[in-house]
Amino acid sequence: MSIKHLTFDDSATIAFGSITGTYANLLALSDDSDVIFVFNTCDTAIYLSIPSGYAASKNIRFPAKTSIAIDCRGNSKRLAKGTIQVKYDTAPTLGEVTITACR
């Protein structure tokens with residue numbers, strides 16, 4: 001039996017001053033992913049547009065100064081490849097958004 005190791009993508013970061021009220025590309029997933037890690041150190045909530053199934057995406061709100069790991073391995077599912085995008089509802093005055101994916 002062989003061991004399968006996780007492979008990490010490079011992290012992508014966008015500083016608060018570069019986040020706008022319109023979705024901007026943050027991380028292009030070259031393949032389906034098992035886990036993504038999201039860190040929002042901004043002082044306001046941000047929204048991520050995350051690939052969701054075939055040719056679709058869903059908008060997910062992340063409160064100010066939060067982090068999350070979305071782990072699909074336990075359900076034998078994967079996050080669809082595509083581009084993760086970010087925007088704000090209220091402009092932040094500090095912080096950044098960083099995301100990392102692995103498969």
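**Figure 1. Lys 4 in the segment before strand 1.** In this predicted model, Lys 4 belongs to the segment that precedes strand 1. The residue is exposed, and its relative accessible area is 67%. Ala 80 lies 76 residues from Lys 4 along the chain, and the C-alpha atoms of the two residues are separated by 20 Å.

**Figure 2. The protein chain as a whole.** The protein chain contains eight strands and zero helices. Read from the N terminus, the order of elements is β-β-β-β-β-β-β-β. With a radius of gyration of 14 Å, close to the 13 Å that the globule rule gives for 103 residues, the protein chain is as compact as a globular protein of that length. The C-alpha trace spans about 50 × 25 × 20 Å along its principal axes.

Figure 3. Of the 103 residues, 34% count as buried.

**Figure 4. The largest nonpolar core.** In soluble globular proteins, nonpolar side chains tend to be buried together. The largest nonpolar core of this model has 20 residues. The members that touch the most other members are Leu 26, Ile 36, Leu 48, Ile 84, Val 86, Val 97 and Ile 99. At least two residues of this core come from each of strand 1 (12–15), strand 2 (24–29), strand 3 (35–40), strand 4 (46–51), strand 7 (82–88) and strand 8 (96–102).

**Figure 5. The surroundings of Val 86.** Val 86 is one of the core residues that touch the most other members. When neighbours within four places in sequence are set aside, the contacts of Val 86 include Ile 14, Ile 19, Thr 22, Tyr 23, Ala 24 and Leu 26. Val 86 is also in contact with Ile 46, Tyr 47, Leu 48 and Val 97.

**Figure 6. Tyr 23 in the loop between strand 1 and strand 2.** Tyr 23 occupies the loop that lies between strand 1 and strand 2. With a relative accessible area of 24%, Tyr 23 is partly exposed. Apart from neighbours within four places in sequence, Tyr 23 is in contact with Tyr 47, Leu 48, Ser 49, Asn 59, Gln 85, Val 86 and Lys 87. The C-alpha atoms of Tyr 23 and Asp 71 are separated by 24 Å, and the two residues are 48 residues apart along the chain.

**Figure 7. Lys 65 in the loop between strand 5 and strand 6.** Lys 65 is found in the loop between strand 5 (57–62) and strand 6 (66–71). The phi angle of Lys 65 is near 50 degrees, which is a positive value in a residue other than glycine. Lys 65 has a relative accessible area of 58% and is exposed.

**Figure 8. Asp 89 in the loop between strand 7 and strand 8.** Asp 89 lies in the loop between strand 7 and strand 8. The relative accessibility of Asp 89 is 59%, and the residue counts as exposed. Residues up to four places away in sequence not being counted, Asp 89 touches Ala 45 and Tyr 47. The C-alpha atom of Asp 89 is separated by 9.6 Å from that of Arg 61, a residue 28 residues away along the chain.

How values were computed
Residues numbered from 1 in each chain as written. Predicted model: local features only at pLDDT ≥ 70, side-chain atom pairs only at ≥ 80, totals over all residues. Heavy atoms only, no water. Helix = DSSP H or I, 4+ residues; strand = E, 2+ residues; numbered from the N terminus. Rg over C-alpha atoms; globule rule 2.2 N^0.38 Å. Buried < 20%, exposed > 50% of the residue type's maximum accessible area, 1.4 Å probe, protein only. Core = buried A, V, L, I, M, F, W, Y, C linked by side-chain atoms within 4.5 Å. Contact = heavy atoms within 4.5 Å.
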